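Good morning, and thank you for joining this group meeting.

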Amino acid sequence: MPFEGFLPCGPTPRGQPIRHLYVHIPFCATICPYCAFHVHTGSASEMRVFLDALLREWEGVCRDYPVEAETLYLGGGTPSLLPLDAFLRLAEAIHPWEAREATLEANPRTVTPEKASAWCELGVGRVSLGVQSLDSTVLRTLGRRHTPEDVKRAVCTLRDAGCRNINVDLLFAVPGQSPASWHETLEGAIALGPEHISAYELTYEEDTPFFRARAAGIWHEDENRSIEMYRTAWRLLEDAGYRQYEISNYGRPGWASLHNQGYWKGNDYLGLGPGACSTVGLRRWQNRRQTDGYIAALLAGQDPPREQEPLSEELRQRERLLLGLRTSGGIPASWIGENSEDVCALTRQGLAELSDGTFRLTPEGRLLADGIAGLFI
Ligand code: SF4
């Protein structure tokens, strides 16, 4: 269980610089009924005050840790909502804009020619668009305000501004979404020509209107339909030249997300902003999910309220195994004993492959990744 009171500081245990930085911007134009992230609405002036606090946290982090971010991920929330002046301040303050990969999450409706040009000029090389669906009915169910036309316009605007790396986020197993609708969304997304497509299964997170609707029996999950939709995504995307390198992530060769791969390899990372999580060595902490408290503490010269979760080498190794099994890179076979009965059975059933000392699940096996991980931890 998380507990309070410990404030992490000092260099990383191995003295290594931290290579991955996440920045949480908690503002959204409206709140989607399935979303469980720490998000809320806010005015431009509230965003500017938030940024004052965020930059204080950044200064503190730089004092405490050697940060040489190879990857930067501006997530949320909707970072593309930030007014341009606030974005400029953020860009000037956070040096890792020269990171090998800097990603910004954007809502299609917020992409304007001015913003797109500024993002690209300031080093955002990758824009992740929260598309979710190209079916207006599904978008309405999800509470999204953008339209399929907004998505096409956003992609054109980003390309015109010089953006060479676009990700499109999609959701499947949405209530009322038919297999045909999912098929058309995938084809439409491929036709947009992004470098990367993420296809996530909708999950019913606690304390969301979707969770309550399911608990009330208004909506039902259909596991078989979800599995079919996963297989449809895999087939269409692979046929179109995208490679599944994690259960929900597909990239054209050379365009896999470096930031996410850092998480899946179990690398250390730092997170800024309310609700953001950091893991350094055997220390993991999370800023409380309260923007007001976060701002008040930082502007008063204190650290933001945080909770710490104790880690052990064993736990981190278990996480690496679990995450590695979800990826096409797999895990070293030595972690699980390559001659064990379980390994032989999984390879015989076509759920896993063993080659060159690496154990990896097949696309079918990845569907069962959590259960299979349970055999080895
Ligand atoms: S736009 Fe994204 S982050 Fe914002 S409420 Fe919707 S799902 Fe959550």
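This is a predicted model: local features need pLDDT of at least 70, side-chain atom pairs count only at pLDDT 80 or more; totals for chains, interfaces and linings use all residues.

When I say helix or strand, I refer to DSSP runs, numbered from the N terminus: helices are H or I with at least four residues, and strands are E with at least two.

Residues are numbered from 1 along each chain as its sequence is written, and side-chain values use heavy atoms, with hydrogens and water left out.

Let us stay with helix H10, which covers residues 291–299. Which of its residues are buried? They are Thr 291, Tyr 294, Ile 295, Ala 297 and Leu 298. Here, buried means under 20% relative accessible area, exposed means over 50%, and partly exposed lies in between, with a 1.4 Å probe and protein chains only. As a general point, an α-helix has 3.6 residues a turn, so residues three or four places apart point the same way.

What covers the buried residues of H10? The cover includes helix H1 and strand S12, residues 283–287. Val 49 touches Ile 295 and Leu 299, if we do not count residues up to four places away in sequence. Contact means heavy atoms within 4.5 Å. Val 49 counts as partly exposed because its relative accessibility is 37%. Val 49 and Leu 171 are 122 residues apart in sequence, and their C-alpha atoms are 33 Å apart in space.

A contrasting pair is Pro 209 and Tyr 34: they are 175 residues apart in sequence and 6.4 Å apart in space, C-alpha to C-alpha. Pro 209 belongs to helix H7, residues 209–215, and at 40% relative accessibility Pro 209 counts as partly exposed.

I now turn to the loop between strand S3, residues 67–76, and helix H2, residues 84–93, where Thr 78 has its place. Gly 77 is found in this loop between S3 and H2 as well. A cis peptide bond joins Gly 76 and Gly 77, with omega at about 15°. Is Thr 78 buried or exposed? Thr 78 is buried, with a relative accessible area of 10%. Leaving aside neighbours within four places in sequence, Thr 78 is in contact with Ile 25, Phe 27, Cys 28, Asn 107 and Thr 110.

Gln 132 has a positive phi of about 70° although it is not a glycine. Gln 132 is found in strand S5, residues 126–132, and is buried, with a relative accessible area of 8%. Ala 173 is not a glycine and has a positive phi of about 65°. Ala 173 lies in the loop between strand S6, residues 165–172, and helix H6, residues 179–192.

Let us move on to the domains, whose bounds come from an automatic or database domain assignment. The assignment gives domain 1 as 3–264 and domain 2 as 312–377. How far apart do the C-alpha centres of domain 1 and domain 2 lie? They lie 28 Å apart. Between the two, 10 residues of domain 1 are in contact with 10 residues of domain 2.

One further residue deserves attention: Thr 358 lies in strand S16, residues 358–361. Thr 358 counts as buried, at 18% relative accessibility. Not counting residues up to four places away in sequence, Thr 358 touches Gly 329, Gly 330, Ile 331, Ala 333 and Glu 353.

Finally, I come to the protein as a whole, which has 14 helices and 16 strands. Along its principal axes, the C-alpha trace spans about 60 × 50 × 45 Å. With 377 residues, a compact globule would have a radius of gyration near 21 Å, and the protein has 21 Å, which agrees. This radius is taken over C-alpha atoms, and the globule rule is 2.2 Å times the number of residues to the power 0.38. Of the 377 residues, 51% count as buried. Among contacts with a separation of 6 or more, residues 24 or more positions apart account for 71%.
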